[in-house]
Amino acid sequence: MRAETLAIHAGNLYPVSTQDVTPPINLSTTFLRNEEGGYSGGHMYSRISNPNRSALEKVITELEKGADACALSSGNTAGMTVFQALKPGSHIIAPDDMYWGLKMQLQTIFADTLQMDFVDLTDIDLVKQYIKPNTVMIWAETPSNPLLKITDIRALAEITRSNGLTLVCDSTFASPSLQNPITLGADLVMHSSTKYIGGHSDVLGGILITAKKDEFWNKIRNIQAVGGAVPAPFDCFLLLRSIKTLAYRMRGHCENGMALATYLVKHPAVEAVYYPGLPDHPGHETAKTQMTGFGGMLSILVKGGAAAARQIVNQVKLFAQATSLGGVESLIEHRASIEGPDTKTPQNLIRISVGLEHIDDLIADFEQALSTINR
Ligand SMILES: *Cc1c(COP(=O)(O)O)cnc(C)c1O
């Protein structure tokens with residue numbers, strides 16, 4: 001079955017006596033044992049598994065073409081689960097422009113237990129130079145935040161395979177609709193399901209998907225069940241509900257993203273547009289080989305520095321000035337002031353999560369905001 005069909009049917013896992021078409025929210029924390037001492041319903045205690053979470057894990061496994069999935073309470077928890085599964089003293093290679101929350105996690109929580117290098121993963125020869133005897137993992141993120149850099153997953157998979165390393169791909173910006181890293185050679189995929197998978201800015205979640213159920217995966221499952229940072233059944237229900245429209249939402253995000261990028265690239269107040277769908281984006285050719293669409297995330301550099309950037313984000317009406325991404329509503333953000341004084345993000349950069357409003361309204365809104373800039 002194709003993704004659109006799986007998204008709607010693969011989560012309808014368990015029979016319900018009331019013959020529900022949509023699986024109910026199952027709030028029970030504990031499940032009955034039968035006379036033989038077993039659990040004929042398939043669940044024992046809801047930290048270990050519960051019907052809504054199992055349904056969510058099943059659908060995502062299917063959509064990512066993996067062997068199993070593990071749902072967690074946030075994207076950062078998903079990252080933390082992977083890092084906790086590594087032996088202390090292990091070395092990992094991560095992107096220089098890694099999602100800042102995960103980079104901070106590595107640099108603070110794991111500073112004493114893991115060794116790490118933050119490297120430009122779009123430079124494959126450079127990556128090879130960082131492999132050490134204790135290197136166990138390459139953590140990739142593509143498209144990346146906020147410059148929308150595209151990392152060649154196939155090329156990284158060749159390196160990890162020949163060196164016995166694990167390749168993880170944070171595929172949040174792509175969603176399972178636009179990119180399936182496991183089919184390109186990744187061992188693990190990570191999503192912040194708070195973003196496109198949830199899609200409505202109303203639920204926090206993270207998910208890991210594995211290519212195979214190996215020893216490392218068992219460690220991850222153990223951290224989920226025994227560590228216990230699991231999503232509530234209601235959150236899983238919301239994500240399952242969202243996934244049913246994921247493919248169609250992503251089509252709209254891609255269409256609007258491309259149209260807004262095409263408009264902005266021609267605007268005299270705009271210095272640069274970072275969107276992998278534009279033919280002169282450095283990752284465009286790679287993106288074409290590993291993504292089925294270019295998504296709804298883009299960043300721009302505006303003329304007039306930080307002051308102009310801040311004026312524009314204050315001036316737009318339809319783009320809510322807020323962090324996060326992937327929702328039906330458009331969001332806009334002056335990144336440098338979020339990331340703090342140490343940021344390498346250009347001061348005149350604006351990051352945009354293009355929502356599903358009508359594109360003409362979005363462009364008109366930008367037109368009026370950009371017209372207020374003195375140039
Ligand atoms: C948001 C995000 C995360 C973290 O996810 P949370 O759900 O906020 O914990 C990780 N990676 C990327 C690329 C993200 O955008």
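The radius of gyration here is taken over C-alpha atoms, and the globule rule is 2.2 Å times the number of residues to the power 0.38. With 375 residues, that rule puts a compact globule near 21 Å, and the protein, at 21 Å, agrees.

This is a predicted model: local features need pLDDT of at least 70, side-chain atom pairs count only at pLDDT 80 or more, and totals for chains, interfaces and linings use all residues. Residues are numbered from 1 along each chain as its sequence is written, and side-chain values use heavy atoms, with hydrogens and water left out.

On the overall fold, the C-alpha trace spans about 80 × 55 × 35 Å along its principal axes. The protein has 14 helices and 12 strands, taken as DSSP runs (H or I, at least four residues; E, at least two) numbered from the N terminus. Of the 375 residues, 54% count as buried, meaning under 20% relative accessible area with a 1.4 Å probe, protein chains only.

Now the ligand. The shell around the ligand has 15 residues, counted when a heavy atom lies within 4 Å. Helix H3 (75–84) and strand E6 (188–192) each supply at least two of the shell residues.

Among the nearest are Asn 76, Asp 170 and Lys 195. For polar contacts the cut-off is a pair of N or O atoms within 3.5 Å. Asn 76 uses a polar backbone atom, 2.8 Å from a ligand oxygen. Asp 170 places a polar side-chain atom 2.7 Å from a ligand nitrogen. Lys 195 has a polar side-chain atom 2.8 Å from an oxygen atom of the ligand.

Definitions and conventions:
Polar contact = N/O pair within 3.5 Å; in protein donor to acceptor, adjacent residues only side chain to side chain. Buried < 20%, exposed > 50% of the residue type's maximum accessible area, 1.4 Å probe, protein only.
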